[in-house]
Amino acid sequence: MRVRAASESPATVTADVLAVPIYKEDREFPADLAELDAAAGGAIRRAIDWGEFNIVEHNSAMFEVSGLGAARILLVNGVRRGRGPWRSRRIASVATRRLQGRGAQRLALWLRDGEDADGFTAAVVGAVQGTYRPWATYGRVRDTDAMNRSVEELVLVGGAEQATLERAAILADGVEFGRTLANRASNDLYPEKMAEVARGLEADGCSVEILDVAQMQALGMNALLGVGQGAAHEPRLIAIRLPGWEKADPSRRLAIVGKGVCFDSGGISIKPSASMEEMKHDKSGAAAVVAAARTLARLDPDVPVMAVAPMVENMPGGNAQRPGDVVKAMNGKTVEVTNTDAEGRLILIDAMHWAETQGATHLVDIATLTGIQAAAFGNLISAYFAKPREWGQSVQAAGDATGEWLWEMPLATEYRPSMDSAHADIINSGSRDASLIKSAIFLHDFVTKPWVHMDIAGPAYLSADKAWSPKGAVGTGVTTLVRLAQDFAAES
């Protein structure tokens, strides 16, 4: 998608469609909206009065107008959550998704809120997200040329800088890259294939290291290897270092670690069959860190970042890990595996410890870790835990700046004694009470550096179409990780 900053007013900007957000406080039009409505001969007010658009009922409404530079106006629900990047991103997504299959090639978007660079950047990301077609990777014979039409140019009205929008377009491309990785079918993207994808980042100037089973065995990564031992496809550990990693002050290096379970059957503790096809998305954390590394390499290659992706399949084969098995993690601690479906935390502990041995001074892991996160937070909000909380606030700020919704959860280590094992140092899964918190406490036992755990089980993918996104992966976490790395480098 092409992006352009417009100096014209909303009434005069030339476009096939002008998207205008309507907010709940717009019962009486403010001056700027009243001016546009007057130029359109009162068409906006008539559409609302007629019931064509109601902020309680509708996501959008489109109608023809005269007297403007645009042929049509698209009213978009100005979602209730506060102003800023989150709202800009969602408004833009709804607008471009509403125009899928229509004849609109150029969309002008007027955000009305006097947005800053972060707001305009989020709008570009959202607009590109709204044009995403999850079936494009493999194709569908039934699709006509008309069905495949999307907005080709986004014009942002209201003071955006062109340089900001061009960088935003690179960020948006990174989100879609990660989104497609997460959506790829498990027979198409398994651990060895993900390693090939990572190798492709060498063309962007990254240094890529792939550890195979023998190398991980030599390092003692038995927690990671145990998860994948029942699968036909062998595990891999992917490490992508940006050019800035080696140049960085050794006291300031960031590792972003993403859970990469290419398919999660649950193993011997097998999942119910309902919706199991969605478990191809259990690699969404790995997809996010690989996409973030690719994006940073194209925007800010000197950031001191390494992306680490432990890749496995969790399958119930004849050699699969059993409940009751005890494994020794890379850091020497032993884990009793009480539930083979609590596998993500097992691969993460070895990956994060390895990152520390490689010089990481700060860590963020991102994972579709627990079903209870989705139950508690739904598909809009990611939960995070932090040690120390100040480091978590940096991650929170990065999410806020890019339009991703994060919520801090308490790292209540008082629950740690309930995870003691009679046979090992710790169990990997206990009772259901406080299980979201206990999943983070488990990880906490294996990290020694400032660390944040992001559980994106709910917002990583959608089980049904929404007005702002089709069913499937959403690309959650990519923009937060990119901004965090940029802020981290700036502080360095």
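# Questions about terms in this model

User: Why is S275 called partly exposed?

Analyst: S275 has a relative accessibility of 40%. Buried means under 20% relative accessible area and exposed means over 50%, with partly exposed in between (1.4 Å probe, protein chains only). The value for S275 falls in between, so the residue counts as partly exposed.

User: What kind of model is this?

Analyst: This is a predicted model, in which local features need pLDDT of at least 70 and side-chain atom pairs count only at pLDDT 80 or more, while totals for chains, interfaces and linings use all residues. Residues are numbered from 1 along each chain as its sequence is written, and side-chain values use heavy atoms, with hydrogens and water left out.

User: Where does S275 lie, and what is said of its phi?

Analyst: S275 is in the loop between strand 10 (260-264) and helix 10. Helices (H or I, at least four residues) and strands (E, at least two) are DSSP runs, numbered from the N terminus. Phi of S275 is near 65°, a positive value in a residue other than glycine. Most residues other than glycine have a negative phi, and most peptide bonds are trans. A434 also has a positive phi, near 55°, and sits in the loop between strand 17 (426-427) and helix 14. With a relative accessible area of 24%, A434 is partly exposed.

User: Which peptide bond is cis?

Analyst: The bond from K387 to P388 is cis, with omega near -5°. P388 belongs to the loop between strand 15 (381-387) and helix 13 (389-402).

User: What makes helix 14 largely enclosed?

Analyst: Of the 10 residues of helix 14 (residues 435-444), 9 are buried, so the rest of the structure largely encloses this helix. Among the buried ones are K438, F442 and L443.

User: Why is the pair D26 and R112 called a salt bridge?

Analyst: A salt bridge is a side-chain nitrogen of Lys or Arg within 4 Å of a carboxyl oxygen of Asp or Glu. The N to O distance for D26 and R112 is 2.8 Å, so the pair qualifies. D26 is in the loop between strand 2 (15-22) and helix 1 (31-39), and R112 in the loop between strand 5 (106-110) and helix 4 (117-130), 86 residues apart. D26 is buried at a relative accessible area of 6%, and R112 is buried at 14%.

User: How many salt bridges are there by this rule?

Analyst: The count is 32. One of them joins D465 and R97, with the closest N and O atoms 3.9 Å apart, which is still within 4 Å. That pair is 368 residues apart, with R97 in helix 3 (residues 85-98). Another joins R179 and E176, at 3.1 Å. These two are 3 residues apart in helix 5, so about one helical turn separates them. Both R179 and E176 are buried.

User: How do you know that E336 has no salt bridge?

Analyst: The nearest side chain of opposite charge to E336 is R416, 11 Å away (Lys and Arg count as positive and Asp and Glu as negative; His and the chain ends are not counted). E336 is buried and is part of strand 13 (residues 334-336).

User: What joins the side chains of E336 and S421?

Analyst: A polar contact of 2.6 Å joins them. A polar contact is a pair of N or O atoms within 3.5 Å; within protein, one must be able to donate a hydrogen and the other to accept it, and residues adjacent in sequence count only if both atoms are side-chain atoms.

User: What makes a set of residues a nonpolar core?

Analyst: Such a core is a set of buried Ala, Val, Leu, Ile, Met, Phe, Trp, Tyr and Cys residues joined through side-chain atoms within 4.5 Å. The largest one here has 89 residues, and those with the most contacts inside it are L156, I240 and V364. Helix 10 (residues 284-299) gives the most to this core, with 10 residues. A second, separate core of 55 residues includes I347, A412, I427 and V447.
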